[in-house]
Amino acid sequence: MFETIPESDGPVIRLPLLGGFVHAPTAAVVHQFCRIACRGEVERVAGYEQPVFAWR
């Protein structure tokens, strides 16, 4: 799941898990792994932004 935030042009990735969410950078690693392992697609995650709470 990708979201936009006013603080950045890059999309923020978060993945639903057990009633909550996993945020970047963990969500980006899981997303990238799933794309490669399940679909054989190579995708770079360097362009994804972290949520604002992680900037501290």
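Leu18 is exposed, with a relative accessible area of 84%; by exposed I mean over 50%, by buried under 20%, and by partly exposed anything in between, for a 1.4 Å probe and protein chains only. Leu18 sits in the loop between strand 2 and strand 3, and its phi is positive, about 50°, although it is not a glycine. Most residues other than glycine have a negative phi, and most peptide bonds are trans.

Before I continue, a word on the model. This is a predicted model, in which local features need pLDDT of at least 70 and side-chain atom pairs count only at pLDDT 80 or more, while totals for chains, interfaces and linings use all residues. Residues are numbered from 1 along each chain as its sequence is written, and side-chain values use heavy atoms, with hydrogens and water left out. The predictor's confidence in each residue, pLDDT, runs from 0 to 100; its mean over the chain is 89, and 100% of the residues reach 70 or more. Confidence is lowest in strand 1 (residues 2-5), at a mean of 89, and highest in strand 3 (residues 20-23), at 92.

Now the overall architecture. Helices (H or I, at least four residues) and strands (E, at least two) are DSSP runs, numbered from the N terminus. Of the 56 residues in the chain, 27% are buried.

Between strand 3 and helix 1 there is a loop that contains Pro25. The peptide bond from Ala24 to Pro25 is cis, with omega near 5°.

I turn to helix 1, residues 26-39. Its 14 residues should span 20 Å at 1.5 Å a residue, and the end C-alpha atoms are 19 Å apart, which agrees; the expected span is 1.5 Å times one less than the number of residues. Which residues of helix 1 are buried? They are Ala27, Ala28 and His31. Seen down the helix axis, these buried residues fall within an arc of 105°, so they line one face of helix 1; the arc is taken over the directions from the axis to the C-beta atoms. Strand 1, strand 2 (8-17) and strand 3 are among the elements that cover them. On the other side of helix 1, Val29 and Phe33 are exposed. Gly40 follows the helix, with a positive phi near 70°.

Next, the cysteines. Cys34 is partly exposed, at 34% relative accessibility, whereas Cys38 is exposed, at 63%.

Finally, the aromatic residues. The structure holds one aromatic pair. Phe2 and Tyr48 form this pair, which is tilted, at 5.1 Å centre to centre and 50° between the planes. Rings of Phe, Tyr and Trp (its six-membered ring) pair if their centres lie within 6.5 Å; planes under 30 degrees apart are stacked, over 60 edge-to-face, and the rest tilted. The pair links distant parts of the chain, with Phe2 in strand 1 and Tyr48 in the segment after helix 1, 46 residues apart. Phe2 is partly exposed, with a relative accessible area of 42%, whereas Tyr48 is buried, at 19%.

Terms used. Contact means heavy atoms within 4.5 Å.
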